[in-house]
Amino acid sequence: MRQKRAKSYRKQMLVYHHNFKFREPYQVLVDDKIVCDTHKASFDLVKGLQRTLQAEVKPMITQCCIQAIYDTKDQDAIDLAKTFERRRCNHPPKEAKPPLECLESVVSVNGVNKHRYVVASQDLEIRNTLRKVPGVPMVFMNRSVMVMEPLSRSSEKLSRYQEKQKLFKGLNDPSLAGKPAPEKVSEENAPAPGSKKRKGPKGPNPLSMKKKKENDTPDEAKNKVKSDPTTTTTTTTTTATETITNGSTSRRRKRSHKSASSRQREIGDEQSDGETSQEKK
Ligand SMILES: [Zn+2]
């Protein structure tokens with residue numbers, strides 16, 4: 001049971017990490033009630049937070065919340081709260097706001113959890129209010145167990161939207177749209193098939209060499225033929241290779257639907273190839 005919960009919390013924190021850019025150590029805003037309650041139950045609040053969020057945490061408390069703890073006159077709770085980093089809320093201490101109002105003003109900046117706070121609150125009203133702000137992980141004590149609230153509907157909605165954005169960003173961005181396609185085409189056209197075919201058939205077969213050059217870029221191939229010293233020595237050999245390449249293309253077609261007869265023909269072609277290569281030499 002505990003294992004299962006830990007796993008779901010880890011998953012949830014991953015969502016906050018990826019879609020809401022939460023980073024360790026997580027800043028956890030604690031309210032006055034959770035400090036007092038955990039202290040009364042001698043539950044280690046900071047360790048509980050670390051265990052629940054499965055990460056390093058930085059507990060923080062607003063001026064108004066610590067004021068509320070002062071009002072309880074629970075000295076131990078006050079001492080504990082003093083160890084937390086104070087979050088300035090700019091509410092004057094003498095006119096401290098109720099924790100709900102204070103936390104809401106600190107967490108929700110124009111409806112966004114700008115500073116990426118985790119909220120640890122024992123006040124249902126606070127949690128109900130902050131649930132409307134997307135991307136606020138919330139932790140509370142359920143009897144003696146610290147639990148994390150499931151992803152709120154607003155968080156879920158926003159994270160789903162962001163996942164979609166990630167998916168389609170590349171496709172819908174006109175500046176990116178053109179780029180990947182030509183790269184792929186060039187890769188497919190130029191080096192890949194040539195290198196594949198060169199690996200395939202037995203090395204010194206002149207047929208396969210000619211065929212590829214003509215298939216890929218005929219102009220280049222012809223230029224190469226012209227510039228190649230071995231072919232330029234005799235004009236008769238070039239004409240011979242041309243006829244052979246014609247034969248080779250037909251042979252290739254036969255290969256695609258393999259039957260016994262085509263195989264025999266292939267063998268015959270190969271034999272004739274051997275003859276022509278001998279002639280060349
Ligand atoms: Zn305040």
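How many of the 281 residues of the protein chain count as buried? Hi everyone, the answer is 23%, where a buried residue has 20 or more other C-beta atoms within 10 Å of its own, with C-beta atoms placed from the backbone.

A word on the model first. It is predicted, so local features need pLDDT of at least 70 and side-chain atom pairs count only at pLDDT 80 or more, while totals for chains, interfaces and linings use all residues. Residues are numbered from 1 along each chain as its sequence is written.

Now the overall picture. The protein chain has 16 helices and eight strands; these are DSSP runs numbered from the N terminus, helices being H or I of at least four residues and strands E of at least two.

Let's look at the sheet. Six strands form an open sheet with mixed pairing, in the order S3-S2-S1-S6-S7-S8; two strands pair if DSSP finds at least two bridges between them. Strand S3 (85-87) and S8 stand at the edges with a single partner strand each, so one side of each has no neighbour in the sheet. From one strand to the next, the twist averages 35 degrees, using axes fitted to C-alpha atoms and angles from 0 to 180 degrees between N-to-C directions.

Let's zoom in on one end. S7 (residues 138-142) and S8 (residues 145-148) run antiparallel, joined by four bridges. Asn-142 has Val-145 as its bridge partner, and Met-141 has Met-146. Two residues lie between the strands of this hairpin, where Arg-143 takes a positive phi near 55 degrees.

Conventions
Buried ≥ 20, exposed ≤ 12 C-beta atoms within 10 Å, placed from the backbone.
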